[in-house]
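Thanks for coming. I will go through one model this morning, starting with its core and ending with a backbone detail.

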Amino acid sequence: MIKVSKENIIGGKRMEILLSYIHSDLLETHKQATAFTLLKAIVQREIRHPELNTIIRRVEELSVQAEIDYLLLLFIGSHPDGMKVEEHVEFLLAQLNYEMEDGRLSAIDTIHALFNSLVQSALDPVGLTCIIRLASRIVSEPNEKGRAMAALAMRRLLANLSDSRRNDGFMAAMDWLDADKDSIKAAGACLLLQLCLMEGGGAKEETDRERLRKAVQAIAVSLSSADSSSITPRTAILLIDSLSAIIGVLGKEGMKGAEKGLEKAYGVMEMWMKSKVVETRRSCCVLLGNLLTLGKEEQMDKACEKLERISRHEIVNAPNEAIKRSSCFKIAAAMALKTEEGGERMKMILDHFVPLLSREISRKSAASVVDELASLASEVMEVLKKKGGEKQVADRMITAMKESRELKDERRAERKRMIASDPVTAAKETIKKQKKKAL
């Protein structure tokens, strides 16, 4: 009757009684469906009553626990009494700290839907508050799905805000990177990453590119002034991943004029590559891969040399581990795919990696990692052959074998000299080698 009538046939006392029944039905799960249907009809007809706001507050509370977003969004978006956006947003943001996981996820989902439905003029006044609360939630949310949902909601919000309000968020993130508190640094990195990835934004406009170039410098400075004792591994990884993603989105053209930021980023990569945390080193490898697509040839050669040293260090000092070598080999493949065929850069990749890959294909590593590394090395070698040319790869393999033989001959000669001059030390060295092989 409410839906189809041309006039409000229920008013005054009758509406008050009807609303009281709706309020009671909302308290009982099996009656909520009927209550929601009646409420929807009342909201769509824009019927006004003092008791209606009280009931909508109850709906907001329930929206954290049930799938009734459509009713709440309808009220906020179209009903005359629902135009106080700040109040409703503040309530929903408070639910981001809801104790139960399902409640938090429902609140994030509702907030995302609200950002989709509100126009820019309604979002701008609450924009900075939402940015701060969502960045904090991304950092503190223990559930991976919850973090992903909060990140999506953040990107939708940023895309729908005015450039002025978006810039406020950017300035807040830059300030957070300078904070002493670990979680605030992490929130700053998260916000910068979402600014980079946001729908309809990213690095399409020069204003956005300039922001991101400044972000590269700021994140690199923050990482270079910290160490494993001042920030947690998770914050370090967030900062490195954000730096890597921003550089990747900007690309070579977007990073023009940001040489100081790139130089700092290389320093950060080398510093954090030494971390004992596997995930941190892996993030550094991804960062290096993005840096190499931007750098000059001398930087490319230095980076390849660094990766070769990392791999050889693992061969000697951690032969039963494969994380560093596998990461370096994957970076080599990624670099090759992005490098021009037959160029000087491709030659650098072949010079540094073909000997290492040949060693793994020959199954010279420890038994615990030999299968994994041999398989990966074969795949990477195929990539190098396609991009660098089979003849060039074969020539480098021949050179590598010659270098290996020469090194072996030199070691044998040195061994003979040691046996002749200091047989005791030579015997100790032999025992040490045998023990190492037995491990």
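Start with the largest nonpolar core, which has 107 residues. By nonpolar core I mean a set of buried Ala, Val, Leu, Ile, Met, Phe, Trp, Tyr and Cys residues joined through side-chain atoms within 4.5 Å. Buried is under 20% relative accessible area, exposed is over 50%, and partly exposed is in between, with a 1.4 Å probe and protein chains only. The members that touch the most other members are Leu192, Leu243, Ile246, Met335, Phe353 and Leu384. Apart from this core lies another one, of 11 residues, among them Met15, Leu19, Ile22 and Ile47. As background, nonpolar side chains in soluble globular proteins tend to be buried together.

Before going on, the ground rules. This is a predicted model, where local features need pLDDT of at least 70 and side-chain atom pairs count only at pLDDT 80 or more, while totals for chains, interfaces and linings use all residues. Residues are numbered from 1 along each chain as its sequence is written, and side-chain values use heavy atoms, with hydrogens and water left out.

Back to Phe353. Leaving aside neighbours within four places in sequence, Phe353 is in contact with Cys304, Leu307, Cys328, Phe329, Ala332 and Met335. Contact here means heavy atoms within 4.5 Å.

Now the overall picture. The protein chain has 20 helices and 0 strands. Both are DSSP runs numbered from the N terminus: H or I of at least four residues for helices, E of at least two for strands. Of the 439 residues in the protein chain, 48% count as buried. Among contacts between residues at least 6 apart in sequence, 68% join residues at least 24 apart.

Next, salt bridges. How many salt bridges does the structure hold? There are 20, each being a side-chain nitrogen of Lys or Arg within 4 Å of a carboxyl oxygen of Asp or Glu. I will take three of them.

One joins the side chains of Glu141 and Arg137, at 3.0 Å from N to O. Glu141 is buried, because its relative accessibility is 1%. Arg137 is buried too, with a relative accessible area of 7%.

Another pairs Arg165 with Asp168, at 2.7 Å from N to O. Both residues sit in helix H9, residues 163–177, and they are 3 residues apart, about one turn of the helix. Arg165 is partly exposed at 25% relative accessible area, and Asp168 is partly exposed at 29%.

In the third, the closest N and O atoms of Glu314 and Arg325 are 2.8 Å apart. Glu314 is in helix H15, residues 297–317, and Arg325 is in helix H16, residues 323–338, so the pair ties together parts 11 residues apart in sequence. Glu314 is buried at 2% relative accessible area, and Arg325 is buried at 1%. Salt bridges with shared partners join Glu314, Arg325, Arg359 and Glu360 into one network.

Helix H9 also comes up in a packing pair. H9 and helix H11, residues 206–224, pack at an angle of about 10°, with axes 10 Å apart. Axes are lines fitted to C-alpha atoms, for helices over the stretch in contact, and angles run from 0 to 180 degrees between N-to-C directions. H9 and H11 are therefore roughly parallel to each other, a label for angles under 35 degrees. The H9 side contributes Asp163, Arg166, Asn167, Phe170, Met174 and Leu177. These meet residues of H11 including Thr207, Asp208, Arg211, Lys214 and Ala215.

Arg57 is in helix H3, residues 50–63, and counts as partly exposed because its relative accessibility is 29%. Arg396 is in helix H19, residues 390–421, and counts as buried at 13% relative accessibility. Not counting residues up to four places away in sequence, Arg396 touches Leu350, Asp351, Val354, Pro355 and Glu403.

Last, the backbone detail. Where does Arg363 lie? Arg363 is in the loop between helix H17, 344–361, and helix H18, 370–388. Phi of Arg363 is near 60°, a positive value in a residue other than glycine. Most residues other than glycine have a negative phi. Arg363 counts as partly exposed, with 46% relative accessibility.

Notes:
Parallel < 35°, antiparallel > 145°, perpendicular 65-115°, else oblique.
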